[in-house]
Amino acid sequence: MLKRKILFTVAASVFLGMSTLVQATEGKLVVVTSYPPDTTTTFKKAFEKKYPGIKVEMLKKKTTAGVKYLQETAGNNTSDLFWASAPDAFEILKGDDLLQKYQTKVKGIPEKVGAFPINDPDGYYKGFAASGYGIMWNTRYLKAKKLPVPHEWEDLTKAVYHNHVGMSAPSRSGTTHLTVETVLQGKGWEEGWATWKEIAGNMKTITERSFGVPDGVNSGQFGIGIVIDFFGLSSKASGFPVDFVYPSVTTLVPANIAIVKNAPHRETAADFIEFLLSDEGQALLLDPKIMRLPVNPKAYAKAPANFPNPFKDNSIGSGVKFDLALSKSRYNVVNSLFDVMITYRLDDLRTAVKAIQDAEAALQGNNNPAAQKLIAQAKDLVNAVPIDAAKASDEAFNSIFKKKRKKASTKVTGRQAEIEQQWDEMIKANYAKATQLANKAKSML
Amino acid sequence: MTKQRGPVFAGLLIALILLAFLVIPVVQVIYVAFQDPASGALTLVNFSDFFRSSLFQESFFNSFYVAAMSVVVATIIALPLAYFTSRFNFAGAAIIQTLGFIPLIMPPFVGAVAMLLLFGENGSVNLLLDEHLGFTIPFMEGLNGVIFVQSIHYFPFILINLSAALNNVDRSMEESAQNLGASGMRLFRRIVFPLAMPGYVAGAALVFLKVFDDLGTPLLLNVNTMLAPQAYLRISSIGISDPMGYVISVILVVFSLFALWTSMLALKGKDYSTLQKGGGGMLKRELRGGQKIAAYALILLILLLVLSPHIGLTLLSFGTVWSYSPLPDAYTLDHYRMVFGSAREYITNTLLYAGLAASFDVILATAIAYIVYRTGMKGRKWLDYIATASLAVPGVVLGIGYLRTYNDFNVPFLDKPMASWWVIIVVALTIRRLPYALRACVAALQQVSVMLEEAAQNLGATRSRTLWRVVVPLMSGGMIAGFVTSFATASVELSATIMLVSQESDAPLAFGIYEFMQSASGRGAGAALGMIAVVIVGLGTYFSHRVIERSHKLRTAERQIAEEVT
């Protein structure tokens with residue numbers, strides 16, 4: 001069969017000359033993707049079945065590594081598609097002029113999901129699924145430790161959850177960044193950071209990979225995780241004793257696909273995008289191992305009971321009007337602040353928050369204004385952020401954190417490492433002082 | 001001395017290889033460390049930032065502490081295994097040595113997953129302890145967890161090098177000591193261990209350097225405040241051009257070289273070579289009844305501990321759902337069925353890549369060892385330093401360096417970039433694993449007395465004939481140890497390959513396991529693939545042990561016959 005096909009192709013190319021040479025190379029499709037094999041093999045099989053004779057190569061890279069790979073190989077590109085979640089990764093590639101514009105043919109896909117546009121307004125990358133962040137938990141763990149089920153971000157700040165929560169860092173995962181930013185926008189700069197620090201004070205760990213969070217919840221290393229929806233939904237569908245909920249402050253963002261500039265197999269790449277957005281492709285997203293929210297509202301007809309539908313349930317992802325420009329203006333600063341204040345000082349932060357929680361517990365039913373004042377001071381110290389919202393979005397300040405210099409003439413004063421060291425000094429001292437004050441308050445009660 | 005055209009040529013060739021595949025790609029990446037982030041001018045300001053930052057100081061201290069403690073713990077694990085199996089008649093010595101070696105052939109990230117399931121705060125052991133005795137032990141908390149996992153993972157470096165060294169010690173020395181009345185601990189402390197020092201130091205230095213530079217384990221255990229994770233986190237999150245990540249890389253390289261230099265200094269001025277190779281002298285001793293039981297119990301306990309990652313992995317690969325419980329809920333073969341189809345390609349690739357890389361490593365390492373310790377070539381020590389420095393180059397940095405250097409270079413006849421050709425993966429593995437083979441070969445050569453070579457040359461043998469007929473056969477134990485270490489560790493390498501695999505059909509096992517382990521339903525399948533890897537590489541190791549044992553016995557037998565005839 002295959003041999004005859006090859007023979008035929010060879011024979012045909014002799015007759016048709018140059019034009020078929022292009023088609024002969026169309027027999028392959030190289031996709032650079034950050035998705036796990038569950039997702040990639042499902043789509044690979046379905047696509048190869050629909051387009052016999054085409055072999056799809058799924059090249060698995062972490063999103064950041066994928067971007068790096070495309071940048072480094074641009075001069076001699078062999079990849080056709082980039083397929084990943086974080087929109088900002090596509091923004092970087094677009095900025096480097098490494099993507100190809102493409103106009104989809106599929107009809108019936110709305111403009112927006114939640115408050116977010118599904119497709120890149122400039123026409124470079126297309127959303128194929130939506131994802132939002134939420135809370136997942138291990139039911140056995142909560143039962144064994146007698147913990148209530150959390151529903152909102154604020155719930156996670158409660159003392160009962162101390163040492164039971166896990167999340168990834170925004171600098172490590174684009175979607176975690178989005179969650180952090182969503183809460184900062186939803187609650188405002190000061191209060192947003194205060195919420196994150198109170199949650200982080202309850203954390204068991206900050207994982208290096210975003211998958212480390214569902215993995216930890218699934219195996220019961222910690223009970224509660226802040227995760228992207230499909231991690232929770234697919235873990236549940238795979239049989240783990242876990243569940244997932246969207247808090248009211250959350251954002252839905254599209255996961256995307258784009259054709260790489262100078263793609264060797266452009267036609268096939270376009271076919272793949274059309275397939276992904278077709279009814280057939282969208283239905284595959286509801287596979288128990290994948291469990292992503294389709295962008296085509298029709299696809300939800302086949303969804304399992306209780307499956308979230310953002311096109312019907314307006315409460316999902318509408319709690320915050322997400323401001324993409326604001327997020328972009330302070331992207332690296334937020335990452336850096338989170339790492340300095342939380343990731344790298346987690347032990348100090350945990351100690352301080354625990355001391356405050358203990359003091360507050362002791363204060364219950366006691367009337368002691370002096371102790372109350374000390375606790376309030378301790379809280380202020382923990383919650384203090386080295387810079388305000390205006391400074392965080394300040395362009396000149398941000399350029400210190402941007403690694404690519406725009407022009408040689410842009411004058412940048414200060415270095416990231418230098419500034420982080422100043423922040424770190426302040427944060428470390430604050431946490432230590434807060435712990436001391438809280439302990440003092442407790443001893444007074 | 002005679003003219004050394006051969007060695008000079010070989011030396012230049014090796015220097016060229018190291019330059020092309022280690023120095024240039026790495027410099028391509030780390031020159032950023034010396035650039036002012038704002039102006040791009042050359043500067044040392046980034047280094048002063050490093051030393052002023054309390055976070056980096058803390059990371060430096062933690063890395064040092066973890067590496068040193070891991071050497072201590074690894075020594076405690078490795079010493080009894082090496083000593084008992086090489087000095088006493090011990091049933092199953094080959095099996096024990098192989099089992100003791102197996103921890104190396106598991107990708108570190110897989111090992112840490114299994115260890116968390118068993119020893120984590122809510123792992124099997126602690127759940128059982130909590131239920132029955134009401135307390136838990138924080139095995140895996142913070143730096144303890146890193147030390148625990150690292151020493152279990154890397155102690156085979158000490159085991160393998162120490163065993164080779166113990167087998168090489170002239171047993172007539174021990175015999176003399178015994179005749180003079182030394183026995184037990186005293187014999188070991190004063191005679192055996194000091195004579196095996198080069199092997200021990202080689203192994204301990206490897207453990208130290210490996211742990212000092214290792215990335216995977218701290219990351220999986222979510223320990224950030226160490227140097228390698230800091231470098232990685234900064235490069236991969238802030239951006240490839242962030243100077244601090246490379247500053248840390250430079251510091252890792254420099255400090256690793258410093259540690260290596262210290263270990264050489266420790267051996268300096270002492271002569272460890274012996275004229276007679278082990279096996280010829282005294283026979284292996286017998287243990288008395290009580291001692292035997294104690295020794296077996298100790299070894300069994302150690303094996304149970306070091307094999308716990310594998311026990312965890314086995315359970316994971318056969319279990320259905322394993323969540324917050326001492327054991328999986330039920331057992332199934334589904335995971336194996338799932339990976340069966342894709343496993344064959346991964347296995348072939350892995351054996352091909354690791355086999356080629358380890359062969360190149362042994363050839364290069366033998367040549368470097370010979371040039372450094374047996375010739376007077378100018379700058380010869382630098383071959384050793386540079387080759388060893390690759391130990392300190394994070395895999396990611398090497399991977400990016402290759403992409404940067406070789407992407408625009410098309411392979412003749414194939415017409416595709418060299419950076420996306422599978423051979424580049426072999427090259428990366430060769431470079432990354434060269435230090436292992438090198439330390440083993442250097443230790444082996446140090447134990448060969450120069451007098452033997454001089455004797456051969458006095459009898460009229462040419463230099464190359466002496467090399468092939470005298471030096472290489474005497475070094476063979478160390479060379480095989482080097483091959484096995486390089487092969488086994490290359491087959492589970494991930495950090496550089498993850499950057500360099502450009503198509504699915506080129507992917508090795510570790511890559512496949514990593515892929516599977518990234519999804520909830522793929523954990524069991526990834527574990528199954530991991531088990532397949534362990535079994536295959538384990539069998540390979542076991543058979544090479546058997547080959548060594550047999551040739552050893554054969555030689556002893558021949559010698560005895562020869563002695564009887566005369």
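Mentor: Let's start with Met291(A), which counts as buried because it has 26 C-beta neighbours inside 10 Å. Buried here means 20 or more other C-beta atoms within 10 Å of the residue's own; 12 or fewer makes a residue exposed, anything in between is partly exposed, and the C-beta atoms are placed from the backbone. Before going on, a word on the ground rules: this is a predicted model, in which local features need pLDDT of at least 70 and side-chain atom pairs count only at pLDDT 80 or more, while totals for chains, interfaces and linings use all residues. Residues are numbered from 1 along each chain as its sequence is written, chains are lettered from A and ligands numbered from 1 in the order in which they are written.

Back to our residue. Met291(A) sits in the loop between α12 (279-284) and β13 (293-294) of chain A. Helices (H or I, at least four residues) and strands (E, at least two) are DSSP runs numbered from the N terminus.

Leu315(B) belongs to helix α15 (residues 308-318) of chain B. Leu315(B) is partly exposed, with 19 other C-beta atoms within 10 Å. Leaving out residues up to four places away in sequence, Leu315(B) touches Trp322(B), Leu327(B) and Pro328(B); a contact requires C-beta atoms, placed from the backbone, within 7 Å. Leu315(B) and Ala114(B) are 201 residues apart in sequence, yet their C-alpha atoms are 9.0 Å apart in space.

Returning to chain A, let's look at strand β10 (residues 224-228). 5 of its 5 residues are buried, so this strand is largely enclosed by the rest of the structure. In a regular strand the side chains alternate between the two faces of the sheet. Here Ile224(A), Ile226(A) and Ile228(A) point one way from β10(A), and Gly225(A) and Val227(A) point the other way. Strand β7 (residues 125-138) of chain A runs antiparallel to β10(A), joined by 5 bridges; strands pair when DSSP finds at least two bridges between them. Tyr133(A) has Ile228(A) as its bridge partner in β10(A). Strand β8 (residues 165-168) of chain A runs parallel to β10(A) with 2 bridges, and Val165(A) stands opposite Ile224(A).

Helix α14 (residues 331-343) of chain A is mostly covered as well, with 12 of its 13 residues buried; among them are Tyr331(A), Leu337(A), Phe338(A) and Met341(A).

The partners of Leu81(A), not counting residues up to four places away in sequence, include Val31(A), Ile257(A), Val260(A) and Phe272(A).

Where the chains meet, the contact takes 49 residues from chain B and 50 residues from chain A. Among the elements that give two or more residues to chain B's side are α3 (54-87), α5 (108-119) and α18 (395-406) of chain B.

Finally, the two chains as a whole. Chain A comes to 19 helices and 13 strands, and 50% of its 445 residues count as buried. The C-alpha trace of chain A spans about 95 × 60 × 35 Å along its principal axes. Chain B has 24 helices and 0 strands, with 53% of its 566 residues buried. Its C-alpha trace spans about 70 × 65 × 50 Å along the principal axes of chain B.

Key:
Two residues are in contact if their C-beta atoms, placed from the backbone, lie within 7 Å.
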